[in-house]
Structures are given as structure tokens and as C-alpha cells.
Amino acid sequence: MLVVVVPRYLVTYTDRDGTPQTCREEAPSARELAFRLHAEGIQDVQFHDDDISAQAKDVEPWRRNLASPRQEYEHESRPAARTPVFWWSWGTAAACLGCCLLWWGARQPGPLLFLVGLAGGGAVIYTSAASFAMAVFGALRRAKTWHRWDEFEKHIVRLERLNRFLGIKIVAHELVLYRAVLLSARGRFDEALERFESLQASTGWDRSTYLARLSDLYAVRHDTQGELERLQEAYEASGPDSPVYIDYARALAAAERPDEAERVLGSREPVAMTLPARVFIGWAGALVSLARGHHLDAARCFEDLIRQVDAIYDPAVWEGPRLDMQAHLGIALALAGDDARARAELEAAISYVRAAGHPHLLARCEKALEGRAR
């Protein structure tokens, strides 16, 4: 069955009365929403979601009701919200409370109190299951970041079970994608591709989104050429506001093809530019500087990007990108001759680079650690 997800974009703007507003708006794309708002006389429109992240919010149901950038920031900045331990603890407490309510209701002589206990207990147990899902989802992301595939598979199985209980049907296609990524990482690429191709009919993704997500299967098996080819196809099929061009440019820069990366970066002027997109553009630009031998400029860019990530983003989502930036920062510093700082940055990031297993980046990091970067 075709699942059609209408994206809900988080936007801030000044309405026709000059009052600042923050709300979620449904639209087929960011560009169409921007044109509609401007046609209604609304000014200073700022998007906090692009086309892909707006749909991703619906994959994480607990984020649907976050109605402002401040709420999202506070949600992702609380130390408790950043750890699966919090959600396991909350879920366990809620489950115990729900069982107590069920037990209390079952012991009441009247049908009304029995139904109150049953409804209250069921609602609290459902809430506890949602908390468990949040904990598992965070743990799954971390396992994927560190390429711990046995752990990753266990979390997929747990989410599939919770998904059946919670009835969150939109998440199902993400779990199929995770299964495909797992198969690819284990060297069973044909099976991964077959499983992934089943998503085309069930998700309603356009061709650009489909190809961009497909590139993940090549990335986890370190097939740089295959990843670049899929991203190029996604870029060529994408609309003017799609963030796919940023991923393609960053991949080209990481492959030390700076001229092509700069050409792609300069080819689009999207209407909706989110803060995460700006970070990724900066990341691509820093990689271009590094590939061109502008080592100090690259180091400064990476340091600034790491500060931005540390200030506002959830480590469960950004741990991998941050450590990748830190590894490249160490390489840039080593090439610039600042061996002491380079070693400190590389030693903090090398465990991630080894776990991710990207051969080219690992070789560069180890060479820099040995003082042979220049």
C-alpha cells in the first residue's frame, strides 16, 4: 500500500500584522510553502526543516508536537533527553504504574472503576512502550554510527516489535531501510538491494530521495564510487530546494575532487535553507579547502563547525559527523605543522574512524598520528 506522507515544515515568520509567529505548515515541498506564504503577504520566512527532514520528523512520532525551534532545542539539549537511560527509566516507571492501575481496576467491584483502571493502565503502558521505542531508536543510531552491526540488528528487532504494539506504521519503511543497510554492511549486497527496492512502491519517495537513501547501502560497504554515482543521479533528479546537492558536494570533496564539489555547491540557491544544511555546506567547504592544500583555513572551518554542533545538536544524531570533522581537523592541523594539537584531535576521533572502517580516512589519520602527514 502506498504511504503518502505530507511534510509538516517548522517555520518562523512575520505575519501581515507584524507579529512574529512560529508554527508547523503542511505543504508538498518547501518551495511551494515559501511561495504560498509570500503570496499571503507573510515576510521574513525562515525554515527549520528541509524537504527530507520535514518527513523525517514524522518517522520520530515523539517530535511531531514540538511546535517551535525553542522546544526542539530544549528537547534535544536536556542531558536526560540525550541518553537512552532516561527513556528506559521513564518507560519502566510508567509500565509499573500502568500495571498498578490495571491491578487496582481489576479489584474494584463497580464496572465504572474497573473501566477507569483499565483505560488508565492501558494508556500509561502505551506511553511506557513509546518511551522504550525512543530509547531503542537512540541506541540504534549509536550502533549504526559505530558500525556495531550485531547490536544494530538487535535494536531493529526490538523496534519492529514495539512498532507492532504501538501501531506507528510510518516507521515501518525506515526499519526496512535499516535492514537493507545491515545486509549491505555484512557483505550481502544483492539481498540488501532487493529489500531496498521494495521501498519504492510503498513509500511514495520521489526518484531523488530514493537514490539518495540508496547511497547509504554503498556508503556502509565503503564503495565510494558507487556512493558517488547514486548521489550524482539523485542530484540530477532533484528539485531546486532538495538538500541532496549538499550530500553530493560533500562526498565529492571527501573524495578529494574539490573542483566538482565547488561546482555542485554553486549550482543551487534553495528557498529554504535550514541550520543543519548550513553546517553540511560548511563541512563540504572545509573539505574543499583541505583538498586544495589550504590547511589552516580548513582547520579554522572545522573548529567552527564542531563548536556549532556542540552547541545545538543531539549527539545521538550528530556523533558520527562530529567525529568525522574532528578527524579531518586533526589531519588539517598535522599538514599545517601543528603536531601537538593534531595528535590531541586525532586521538579523540581515531576510535570512531577505526570502527567506521573507511580505508582512505583511516590511512590519512594514522599517517598524521605517526608524524608523516606532510
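Predicted model: local features only at pLDDT ≥ 70, side-chain atom pairs only at ≥ 80, totals over all residues.
## Overall make-up

The protein chain contains 18 helices and 3 strands. Of its 374 residues, 47% count as buried. Among contacts in the protein chain with a separation of 6 or more, 58% are between residues 24 or more positions apart.

## The sheet

The 3 strands form an open sheet in the order β2-β1-β3, with antiparallel pairing. The edges are taken by β2 (20-26) and β3 (43-47); each has a single partner strand, so one side of each lacks a neighbour in the sheet. Direction ignored, neighbouring strands of this sheet are turned by 30° against each other on average.

Strand β1 covers residues 8-14. Burial is the rule for β1, with 5 of its 7 residues buried.

## Strand pairing in detail

β1 and β2 run antiparallel and are joined by 7 bridges. Within this pair, Y13 has Q21 of β2 as its bridge partner. The hairpin of β1 and β2 has 5 residues between the strands, and G18 there adopts a positive phi near 80°.

V11 has F47 of β3 as its bridge partner, while T12 stands opposite Q46 of β3.

## Helices α10 and α11

Helix α10 (residues 207-219) packs against α11 at an angle of about 170°, and the two axes are 8 Å apart. Angles over 145 degrees count as roughly antiparallel, and α10 is therefore roughly antiparallel to α11.

On the α10 side, the contact is made by R207, S208, L211, A212, L214, S215, Y218 and A219; on the α11 side, by G226, E227, R230, L231, E233, A234 and A237. By class, these are 8 nonpolar, 3 polar and 4 charged residues.

## Helices α11 and α12

Helix α11 (residues 224-237) also packs against helix α12 (residues 244-254): their axes come within 9 Å and cross at roughly 150°. The two helices are therefore roughly antiparallel to each other, and their crossing is left-handed.

From α11, the residues in contact are L228, L231, Q232, A234 and Y235, and they meet V244, Y245, D247, Y248, A251 and L252 of α12. This contact has 9 nonpolar, 1 polar and 1 charged residues. L231 and A234 of α11 take part in the contact with α12 and also in the contact with α10.

## Helices α12 and α13

The axes of α12 and helix α13 (residues 258-265) come within 8 Å, with a crossing of roughly 165°. Accordingly, α12 and α13 are roughly antiparallel to each other. The crossing of α12 with α13 is left-handed.

Y245, Y248, A249, L252 and A253 of α12 meet E260, A261, V264 and L265 of α13. The residues of this contact divide into 8 nonpolar, no polar and 1 charged. Y245, Y248 and L252 of α12 touch α13, and these residues of α12 also belong to the contact with α11.

Note on methods. Residues numbered from 1 in each chain as written. Heavy atoms only, no water. Axes fitted to C-alpha atoms, helices over the stretch in contact; angles between N-to-C directions. Helix = DSSP H or I, 4+ residues; strand = E, 2+ residues; numbered from the N terminus. Parallel < 35°, antiparallel > 145°, perpendicular 65-115°, else oblique. Left-handed = near helix turned anticlockwise from the far one by under 90°. Contact = heavy atoms within 4.5 Å. Nonpolar A, V, L, I, M, F, W, Y, C, P; charged D, E, K, R; others polar. Pairing = 2+ DSSP bridges. Buried < 20%, exposed > 50% of the residue type's maximum accessible area, 1.4 Å probe, protein only.
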